[in-house]
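Biologist: Hi! Could you walk me through the pockets in this one?
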Amino acid sequence: MIHDPELAAGRIIRMVKEGTVRSQQGIDVPIAADTICIHGDGEHALPFARRIKQPLIDEGVAVQPVRNSI
């Protein structure tokens with residue numbers, strides 16, 4: 001789980017735009033993802049979500065409730 005919002009936003013943007021994520025071993029892995037999960041049970045889940053939202057919007061990544069993507 002990623003706790004740093006700037007790191008998370010960068011990885012999400014890369015996942016969406018390039019279709020890859022970097023593994024813990026440093027290997028780029030292809031991925032096709034439609035959603036991300038923010039663990040809502042964490043103490044800082046809402047501030048975390050708020051901090052990653054604007055960088056995603058700035059990069060043209062759609063930010064919407066999961067019910068809109070099903």
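Modeller: Here is a short chat about its pockets. This is a predicted model, where local features need pLDDT of at least 70, side-chain atom pairs count only at pLDDT 80 or more, and totals for chains, interfaces and linings use all residues. Residues are numbered from 1 along each chain as its sequence is written, and side-chain values use heavy atoms, with hydrogens and water left out.

Biologist: How much space lies in the largest pocket?
Modeller: About 670 Å³. A pocket is an open set of points on a 1 Å grid over the protein atoms alone where a 1.4 Å probe fits, with protein on both sides within 12 Å along at least five of seven lines. The volume is the space filled by probe spheres set on the points, joined across faces, edges and corners.

Biologist: Which residues lie nearest its centre?
Modeller: Met1, Ile2, Ala8, Cys37 and Phe48, out of 24 lining residues; lining means having an atom within 4 Å of a point.

Biologist: And which element gives the largest share of that lining?
Modeller: α1, with five residues. Helices (H or I, at least four residues) and strands (E, at least two) are DSSP runs, numbered from the N terminus. α1 (5–18), β1 (20–22) and α2 (45–58) each supply at least two lining residues there.

Biologist: Switching topic, what volume does the second largest pocket have?
Modeller: About 550 Å³. It is lined by 22 residues, with Thr35, Ile36, Ala62, Val63 and Gln64 closest to its centre.

Biologist: Which element gives most to that one?
Modeller: The largest share of the second pocket's lining, six residues, is from α2.
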